[in-house]
Amino acid sequence: MTATLFRRADVPALPTPTDPSAPPTAGAPRARPGLGRPLGVGLVGLWLSLIVLLPLAALTVTSFDEGWSGFWDAVTAPVALASLRVTVGVSVVVALVNAVLGTLIAWVLVRDDFRGKRFVDALIDLPFALPTIVASIVLLSLYGPSSPLGIHLNATRPGLLVALAFVTLPFVVRSVQPVLIEADREVEEAAASLGASGWTTFRRIVLPTLAPAVISGTGLSFARAIGEYGSVVLIGGNIPRQTQVASQYIQQQIEIDRPVNAAAVSVALLAIAFATLFVLRLAASRSQRREEASA
Amino acid sequence: MRRRNAVAVTGALSAGVLALSACAGGSSDTVGAAADAGGAAKTTLQLYAYSAPKVGYDKVIPAFTRTAAGKGVQFEQSYGPSGDQSRKVEAGAPADFVNFSVEPDITRLVDAGLVAKDWNANQYKGIPFGSVVTIVVRKGNPKGIRDWDDLLEPGVEVVTPNPFSSGSAKWNLLAPYSAKSNGGKDQAAGLAYIDKLVTGHVKVQPKSAREATETFLQGTGDVLLSYENEALFAERSGDPVQHVTPPTTFKIENPVAVLSKSKNLAKAKAFDDYLFTPEAQKLFAEAGFRPVDQTVATEFATDFPAPQKLWTIDDLGGWKTVDGTLFKKETGSIALIYDKATQ
């Protein structure tokens, strides 16, 4: 990020990468003026500390206000555990659904031509632009107690699922789409002309190219889903042990004046999100390396 | 050499950033001061209240601003769970006037030095209106709920807010508790009822009376425990519910107080006084709250039928005793029942 920034500023003659999903330094010469790097690193360090690291450190300190046993009790209280279980369970399902359907949507948007394609393409970003509470109201009026469709998902886990699928829709689509646009179709045609079936071509040629993008999109949608609050607040029902997600549990603990419980569950949620993103990053970069090695 | 230079530049830059943020702080202070100076012409009162009385203030505030004392007064209103609101004000929320569901939420501010010790010195003890605890059921009362015992029938799900955040929840639990314990004389019987109710029939934990009503109206549960005014509000808005006032129930008294460090103390006090005038009392009564002014109360007697037996907080020894023995976090008997059932 900083490298790109300063390369652009200091050496404008260098071509800028057109594909945002490509690693910024790949293939570009590493030489840059000595001034740029420490300044950039210093700024990034300062900014990240103020915005991310300090608040997270403060949160972690709060969660240990009553010592390690207080933290452990707070996280393992049955209702807290249940909320974490519901959150992770529903989020995993949503992430998997996104992995499959998101890739499919990206495929259709890139490879197929149909009327209204640009409209559909713009529609994908709507869940990003919409305040999540609006999503909740929309879903409640459609699937709530006065549902015009006669479908009642209010205060059920399928209700949570639909809400989370709605807000996480863009992640996989938007990470797979550019890769698919860049992908070399001649390789697929070559595979087909050599007698590979459609499925084999997909499995051996297309999937390996898309895998890093699918994995990172899935990871992002999982991370977003476990932290989601606004879209589930109305349709979720907030029933402890059944549909109460971790963010709602945290909110409730704040309201009943138990900040330590809230902070402890927040830290647990944070750890899950961080671990997930870290593992998926490893997996994505490994499959990318494999892809590059075979190319 | 270059490297050292770079470090110096980084240092200078971060110093610059710090200076900049310091500037930002300074300028925002000035803005605040300017707003204060402008406030002389127009007063803004910050009202922090529990979740239910919004319907009352929606009538009373416009009427107050039409009086001589209320001319030019604007209100910024914040409604939420009583306990939560009280803790926010304690933590520094800029309130001028508070209205909580239960007295301990005001006592918290007295202890913090924010409300004068004699806040309840007027003839109504600082309580401009009240209500009674009622049982709200679905239209037609399909489960045939009449009295407290009916709530313990198998398959009846009860919606009541969480007593650690909501004042309404405390009143809701005190009603069957006093009915079963004969006004606190037989504690064990009262607690046995609460234990059965909370452990076996309460599934959701809304944060406030208002959220509990919303949850119930969205289809959760068979029974909602609530203020009579909240029940009347739902019925008058055309929601398919009705309320049953059990023969023995509890008198709800919702106190108000002026913050002693309020920047608009005179106006806040004028508003406080206005709430007890017959005019304001009538407006509260029309909004479903039981007035404390005797003449107005007689006038609205048909709207607010008297239950056979109405226990009061004084019968149980006052809020200090009740909060200490029943609701105190980690030691109160009802708090323990709740913790056992919800953790």
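The questions below treat the two chains in turn, then individual elements of the predicted model.

Colleague: How many helices and strands are there in chain A?
Modeller: In this predicted model, the elements of chain A run from the N terminus as α-α-α-α-α-α-α-α-α-α-α-α. Chain A accordingly has 12 helices and zero strands.

Colleague: What percentage of the contacts in chain A with a separation of 6 or more comes from residues 24 or more positions apart?
Modeller: Chain A has 295 residues, of which 34% are buried. Among its contacts with a separation of 6 or more, the share of residues 24 or more positions apart is 78%.

Colleague: What percentage of the 343 residues in chain B is buried?
Modeller: Chain B contains 13 helices and 11 strands. Of its contacts between residues at least 6 apart in sequence, 74% join residues at least 24 apart. The buried share of the 343 residues is 44%.

Colleague: In what order do the four strands of the open sheet in chain B stand?
Modeller: The pairing in this sheet of chain B is mixed. β2 (73-80) and β9 (256-258) of chain B each have a single partner strand, so they stand at the edges and one side of each is left without a neighbour in the sheet. Neighbouring strands are turned by 20 degrees against each other on average, direction ignored. The order is β2-β1-β3-β9 (chain B).

Colleague: Which residue in β2(B) is the bridge partner of B:Tyr50?
Modeller: Strand β1 (residues 43-50) of chain B pairs with β2(B) in the parallel sense, over eight bridges. Helix α3 (residues 82-90) of chain B lies across β1, β2 and β3 (97-99) of chain B, at about 140 degrees to β1(B). In β2(B), the partner of B:Tyr50 is B:Gly80.

Colleague: Why is strand β6 (residues 223-227) of chain B described as largely enclosed by the rest of the structure?
Modeller: β4(B) and β6(B) run antiparallel and are joined by five bridges, with B:Val137 partnered by B:Val223 in β6(B). Strand β5 (residues 158-159) of chain B runs parallel to β6(B), with two bridges between them, and B:Val159 has B:Leu224 as its bridge partner in β6(B). The strand is largely enclosed because the number of its five residues that are buried is five.

Colleague: Which residue in β11(B) stands opposite B:Phe250?
Modeller: Five of the seven residues of strand β8 (residues 248-254) of chain B are buried, so the strand is largely enclosed by the rest of the structure. Strand β4 (residues 129-138) of chain B pairs with β8(B) in the antiparallel sense over four bridges, and B:Gly130 has B:Glu253 in β8(B) as its partner. With strand β11 (residues 309-311) of chain B, β8(B) pairs in the parallel sense over three bridges. The residue in β11(B) opposite B:Phe250 is B:Trp311.

Colleague: Which residues of α7(B) are buried?
Modeller: Seven of the nine residues of helix α7 (residues 209-217) of chain B are buried, so the helix is largely enclosed by the rest of the structure. Their cover includes β4, β5, α5 (167-181), β6 and α8 (228-236) of chain B. After α7(B) comes B:Gly219, with a positive phi near 115 degrees. The buried residues of α7(B) are B:Ala209, B:Arg210, B:Glu211, B:Ala212, B:Thr213, B:Thr215 and B:Phe216.

Colleague: How does α6(B) lie relative to α13(B), roughly parallel or roughly antiparallel?
Modeller: The axes of helix α6 (residues 187-201) of chain B and helix α13 (residues 333-342) of chain B are 10 Å apart, and the helices pack at an angle of about 25 degrees. Angles under 35 degrees count as roughly parallel. On that criterion α6(B) and α13(B) are roughly parallel.

Colleague: How many nonpolar residues does the contact of α6(B) with α13(B) have?
Modeller: The crossing of α6(B) and α13(B) is right-handed. From α6(B) come B:Leu191, B:Ile194, B:Asp195, B:Val198 and B:Thr199, which meet B:Ser333, B:Ile334, B:Ile337, B:Tyr338 and B:Ala341 of α13(B). By class, two residues are polar, one is charged, and the number that are nonpolar is seven.

Notes: Residues are numbered from 1 along each chain as its sequence is written. Chains are lettered from A and ligands numbered from 1 in the order in which they are written. This is a predicted model: local features need pLDDT of at least 70, side-chain atom pairs count only at pLDDT 80 or more; totals for chains, interfaces and linings use all residues. A residue is buried if 20 or more other C-beta atoms lie within 10 Å of its own, exposed if 12 or fewer, and partly exposed in between; C-beta atoms are placed from the backbone. Two residues are in contact if their C-beta atoms, placed from the backbone, lie within 7 Å. Axes are lines fitted to C-alpha atoms, for helices over the stretch in contact, and angles run from 0 to 180 degrees between N-to-C directions. Angles under 35 degrees count as roughly parallel, over 145 as roughly antiparallel, 65 to 115 as roughly perpendicular and the rest as oblique. A crossing is left-handed if the near helix is turned anticlockwise from the far one by less than a right angle, and right-handed if clockwise. Ala, Val, Leu, Ile, Met, Phe, Trp, Tyr, Cys and Pro count as nonpolar, Asp, Glu, Lys and Arg as charged, and the others, Gly among them, as polar. Two strands pair if DSSP finds at least two bridges between them.
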